[in-house]
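Student: Hey, I've just opened this one up. Can you walk me through it?
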Amino acid sequence: MVEDNNVECVHPNEPIKVDDFVVATRDIADIQKMSVGLVKEISGNKIIVYFIGKNKVVETNRGNVSFLDIKKTGKPYKMKICNICHILKEDMKDFEINQTDAKGRKTTRPSCRECRKMIDGVAMKSSEKKRLDAMAPKGIFTCPICQKTTIVEVTANLVKDHDHLTGKGREWICDSCNTGLGRFKDDINLLKRAINYLKKYS
């Protein structure tokens, strides 16, 4: 991991005030070094920080954190904050390449490699792939989720959906719905919250 004093967005000598972003300069209990937090209170040498990735408020010594200039993180800078663990990491080293932009520059995923492992979960079992391959849609296909009817391999990309906890295959669904389920982490409670949110404004 990059040392905080070698990172352009981290300023160890910068005065810290309430509502500033900071990074942990060492491990603080279960808070990992380089974790990003928001200053809630300051009293003498004590500082209370809300560490975003752990969703936890911690009291520590001022010397255990440094000021973080969040405007100097992410593209085009060297360091980037993972959108899951909220730890400051090296962009092109700790994040997988996602795509290339219009100017030919490589861009990385918003989540670091470690967090991607948790997001991706268990890969689909080979036996399940074979089972779903044998059921591959042909001709006309209607997605079981969005009910959109398309021409296979012409007007829609279809994917083999699977349970990321067990690796068991589910069904063929359209790529859009597969992405949608992924955004909600295949979590029924998150989907219920989304439904309740829509109901609130309908």
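Predicted model: local features only at pLDDT ≥ 70, side-chain atom pairs only at ≥ 80, totals over all residues.

Student: How is the protein chain divided?

Tutor: Into two parts: domain 1 covers residues 1-120 and domain 2 covers 126-200. Taken over C-alpha atoms, their centres are 34 Å apart.

Student: Okay, strands next. In what sense do β3 and β4 pair, parallel or antiparallel?

Tutor: Antiparallel, over 6 bridges, with β3 spanning residues 36-43 and β4 spanning 46-51. Ser43 has Lys46 in β4 as its bridge partner.

Student: And how many residues sit between β3 and β4 in the hairpin?

Tutor: There are 2, and Gly44 in that turn has a positive phi of about 65°.

Student: Which residue in β5 does Lys46 stand opposite?

Tutor: That's Asn61. Strand β5 is residues 56-61, and β4 pairs with it in the antiparallel sense over 6 bridges.

Student: Switching topic: how many disulfides does the count come to?

Tutor: The count is 0. Take Cys82, which is in no disulfide: its nearest cysteine sulfur belongs to Cys85 and is 3.6 Å away. The cut-off for a disulfide is within 2.5 Å.

Student: Is Cys82 buried or exposed?

Tutor: Cys82 counts as buried because its relative accessibility is 0%, and the limit for buried is under 20%.

Student: What's the story with Cys143?

Tutor: Cys143 is in no disulfide either, and the nearest cysteine sulfur, from Cys177, lies 3.8 Å away. Cys143 is also buried, at a relative accessible area of 1%.

Student: Now the inside. Which residues touch the most other members in the largest nonpolar core?

Tutor: Val7, Cys9, Val10, Leu68 and Leu88, out of 15 residues in that core.

Student: Which residues does Leu68 touch?

Tutor: Leaving out residues up to four places away in sequence, the contacts of Leu68 include Cys9, Val10, Phe21, Val22 and Val23. Val36, Thr73, Ile81 and Leu88 are among them too.

Student: How many residues are in the second core?

Tutor: That separate core has 13 residues, including Val152, Val159 and Cys174.

Technical notes:
Residues numbered from 1 in each chain as written. Heavy atoms only, no water. Domains from an automatic or database assignment. Pairing = 2+ DSSP bridges. Helix = DSSP H or I, 4+ residues; strand = E, 2+ residues; numbered from the N terminus. Buried < 20%, exposed > 50% of the residue type's maximum accessible area, 1.4 Å probe, protein only. Core = buried A, V, L, I, M, F, W, Y, C linked by side-chain atoms within 4.5 Å. Contact = heavy atoms within 4.5 Å.
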